[in-house]
Amino acid sequence: ATGNTVWAVSSKSAVTGALVVTERYLYVPLRSGELLVFESSTGKEIKRVSLGSTPSDLTLDNERLFFSAGKTVYCRHVEAPHAAPLWTYQADREITMPPTLVGRRLFVADSRQKLYSLDPETGRNLWPAVETAAPVETPAGGDRNRVYFADKEGVFYSFAADTGRLRWKYSFRRAVSVPPMYFDDRVYVITQDGTMHVFEDPGRD
């Protein structure tokens, strides 16, 4: 029958973001500054990883799990909860935009109003951090050629993903509520007042 409880356990702290589940494990970010790992089939607690700061939403790419806590970006092997991180990256200040995969790059932003482009396999910074007019909190969007994001003041940016060069920007004068989406030479943006904005943006440059 459907609707039967498989298991139920207490995390002992509020859950603060998106979960990640695989065939073997369930990863849960907690307000207590921990990453909690359960056995997904039984609910058995496998590990509590102490991070010192509340972790962000979790992002899964194949077997790599990305998240941030405080000033640090973490990459862990999703099937090896007891192992050390594959790599970490230290930003200048506390991270405000959680790690976001766009094309072949991982983007994060910090409270010093800097955007970083990282190699998801190594954590290496791929181009010098770019500065924005205000902190960035909403996750980025785009494809392998371009990345889009908006800062808290409603300035919307398009950067070349391979070099970090500013392609264009536009001021909405209000915050963007969800990550922008790029499809078929157009970028779709929704501001907090519920207005959808669609921009033409063909080409690679």
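Strands (E, at least two residues) and helices (H or I, at least four residues) are DSSP runs, numbered from the N terminus. This is a predicted model, in which local features need pLDDT of at least 70, side-chain atom pairs count only at pLDDT 80 or more, and totals for chains, interfaces and linings use all residues. Residues are numbered from 1 along each chain as its sequence is written, and side-chain values use heavy atoms, with hydrogens and water left out.

**Figure 1**
Along the principal axes, the C-alpha atoms fill a box of roughly 50 × 40 × 25 Å. Of the 205 residues, 47% count as buried; buried means under 20% relative accessible area, exposed over 50%, and partly exposed in between (1.4 Å probe, protein chains only). The accessible surface comes to about 10600 Å², and 45% of this surface belongs to carbon and sulfur atoms. These areas come from the Shrake-Rupley method with a 1.4 Å probe; for residues, only the protein chains shown count as cover. Contact means heavy atoms within 4.5 Å. Among contacts between residues at least 6 apart in sequence, 34% join residues at least 24 apart.

**Figure 1. The largest nonpolar core, with 14 residues.**
A nonpolar core is a set of buried Ala, Val, Leu, Ile, Met, Phe, Trp, Tyr and Cys residues joined through side-chain atoms within 4.5 Å. Met97, Phe107, Leu115, Ala140, Val147, Phe149 and Phe159 touch the most other members. Two or more residues of this core come from each of strand E9 (95-102), strand E10 (105-110), strand E12 (125-131), strand E14 (146-150) and strand E15 (155-160). E15 gives the most, with three residues. A second, separate core has 13 residues, including Tyr25, Val37, Leu51 and Leu65. In soluble globular proteins, nonpolar side chains tend to be buried together.

**Figure 2. Phe107 and the residues it touches.**
Which residues does Phe107 touch, not counting those up to four places away in sequence? They are Met97, Pro98, Pro99, Thr100, Val102, Leu115, Tyr116, Ser117, Trp127 and Val147.

**Figure 3. Asn62 and Gln113, two residues with positive phi that are not glycine.**
Asn62 sits in the loop between strand E5 (59-61) and strand E6 (64-69), and its phi is near 55°. With 66% relative accessibility, Asn62 counts as exposed. Gln113 is in the loop between E10 and strand E11 (114-118), and its phi is about 70°. The relative accessible area of Gln113 is 26%, and Gln113 is partly exposed.

**Figure 4. Arg24, in the loop between strand E1 (20-21) and strand E2 (25-30).**
Arg24 is partly exposed, at a relative accessible area of 48%. Leaving aside neighbours within four places in sequence, Arg24 is in contact with Phe38, Glu39, Ser40 and Glu79. From C-alpha to C-alpha, Arg24 and Phe38 are 8.5 Å apart in space, and they are 14 residues apart in sequence.

**Figure 5. Leu19, in the segment before E1.**
Is Leu19 exposed, partly exposed or buried? Leu19 counts as partly exposed, at 45% relative accessibility. Not counting residues up to four places away in sequence, Leu19 touches Leu26, Tyr27, Val28, Pro29 and Leu58. Leu19 and Asp119 are 100 residues apart along the chain, and their C-alpha atoms are separated by 23 Å.

**Figure 6. Arg124, in the loop between E11 and E12.**
Residues up to four places away in sequence aside, Arg124 touches Ser117, Leu118 and Asp119. The C-alpha atoms of Arg124 and Thr88 are 9.4 Å apart in space, and the two are 36 residues apart in sequence.

**Figure 7. Met181, in strand E17 (residues 181-183).**
Met181 counts as partly exposed, with 49% relative accessibility. Met181 touches Arg186, Val187 and Tyr188, not counting residues up to four places away in sequence. Met181 and Leu35 are 146 residues apart in sequence and, C-alpha to C-alpha, 29 Å apart in space.
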